[in-house]
Amino acid sequence: MFLLSFARVIKFSFQDIVRNIWLSIVTITILVLALFSVNMLLTVNVISRAAVSSVKEKVDISLYLKAGAGEERIMALKAKVSGLSQIKEVNYISKAEALESFKIKHKNDPEILEALRELGKNPLTPSLVIRPNDTDQSEELITSLNKIEDDIIESRNFDDHKTILAKINSISQKINKIGLLLSLIFVFITLLVVYNAIRVAIYTHRKEIVIMRLVGASNWFVKAPFLFSGIIYAFAGVLMTAVIFYPFLTVLQPYLEVFFIGYNVNIISYFTGNFISIFGLEFLGAVFINMFASLIAVGKYSKV
């Protein structure tokens with residue numbers, strides 16, 4: 001008996017959706033826009049985290065050494081610097097390696113290369129390139145490095161990369177706030193649209209509801225089809241969002257690969273690997289929103 005009643009509830013729900021097909025399409029479209037904005041917000045979060053990570057990996061501090069410094073003294077200084085707790089690694093760049101790197105960097109600038117040839121000697125100095133464990137502790141690291149005194153140190157390059165990280169974080173936070181605002185707007189619109197869709201469905205079936213009341217139908221049997229319609233809207237919305245969003249990610253991925261050269265940033269793999277958790281939670285959220293709107297509409301308008 002319960003299964004028969006449940007089957008009838010599902011049947012009536014689909015009939016309501018088909019009878020008010022244009023309103024149903026509008027409802028699902030609004031829901032898709034809301035879910036698409038949520039996924040865009042998630043995409044921005046993933047990309048911003050990748051951008052911050054890539055910048056952090058490139059952060060380094062350089063100690064430039066005197067050209068005539070001996071290898072033994074340089075290795076001794078390297079060992080002293082490596083002993084600092086804030087340091088991840090220290091790389092020694094010789095004069096020859098510095099020159100080769102300079103030539104590669106300016107290979108498309110013939111004037112600089114010609115000036116270097118006319119100079120007739122290697123003008124660059126050896127250096128120690130230091131990578132910190134945590135860029136958030138860069139100020140502490142700089143303080144510790146400033147305490148190291150050695151006459152082979154010619155100059156210190158303590159560029160503050162925290163400014164770049166702060167800008168990236170600031171931009172991503174602003175984008176996240178805008179995305180969150182858009183998502184909330186779409187959620188509010190979804191509530192209104194679902195509410196009106198259920199209200200119209202109840203009005204369309206007002207005579208049938210009266211007959212069901214007269215023959216003794218339970219409140220659950222009268223209200224359930226309209227509540228179940230909210231679940232159908234949620235499922236259709238999440239399904240359409242997934243169908244639309246993956247082609248969008250396919251178009252976006254090549255641009256990310258160009259921007260993050262040398263880094264494995266694959267937004268498609270991220271969504272595929274977390275498909276169930278992402279779209280499952282979105283489905284539950286959409287069901288909650290739709291059921292909430294449906295309950296309000298059913299409670300107010302089903303008392304025919």
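What share of the contacts in the protein chain with a separation of 6 or more comes from residues 24 or more positions apart? The share is 85%, where a contact means heavy atoms within 4.5 Å.

**View 1. Overview of the predicted protein chain.** This is a predicted model in which local features need pLDDT of at least 70 and side-chain atom pairs count only at pLDDT 80 or more, whereas totals for chains, interfaces and linings use all residues. Residues are numbered from 1 along each chain as its sequence is written, and side-chain values use heavy atoms, with hydrogens and water left out. The chain holds eleven helices and four strands, taken as DSSP runs numbered from the N terminus (helices: H or I, at least four residues; strands: E, at least two). Of its 304 residues, 38% are buried (buried: under 20% relative accessible area; exposed: over 50%; partly exposed: in between; 1.4 Å probe, protein chains only). The chain exposes about 18000 Å², and carbon and sulfur atoms supply 65% of this area (Shrake-Rupley method, 1.4 Å probe; for residues, only the protein chains shown count as cover).

**View 2. Confidence along the chain.** The mean pLDDT of the protein chain is 76, and 79% of the residues score at least 70; pLDDT is the predictor's confidence in each residue, from 0 to 100. Confidence is lowest in helix α8 (residues 206-214), with a mean of 65, and highest in helix α10 (residues 267-273), at 87.

**View 3. The salt bridge between Glu89 and Arg131.** The side chains of Glu89 and Arg131 form a salt bridge at 3.6 Å, N to O (a side-chain nitrogen of Lys or Arg within 4 Å of a carboxyl oxygen of Asp or Glu). Glu89 belongs to strand β2 (residues 87-93) and Arg131 to strand β3 (residues 127-132), so the pair ties together parts that are 42 residues apart in sequence. Glu89 is partly exposed at 33% relative accessibility, and Arg131 is partly exposed at 24%. By this rule, the count is one salt bridge.

**View 4. A nonpolar surface patch and Ile185.** Ile178, Leu181, Leu182, Ile185, Phe188, Ile189 and Leu192 make a nonpolar surface patch of about 630 Å². Patches consist of residues with over 30% relative accessible area and no salt bridge, with like charges joined within 9 Å and nonpolar side chains (Val, Leu, Ile, Met, Phe, Trp, Tyr) within 5 Å. Ile185 is located in helix α7 and is partly exposed, with a relative accessible area of 40%.

**View 5. Asn196 and Thr27.** Asn196 lies in helix α7 (residues 162-204) and is partly exposed at 26% relative accessibility. Asn196 and Thr27 are 169 residues apart in sequence, yet their C-alpha atoms are 9.3 Å apart in space.
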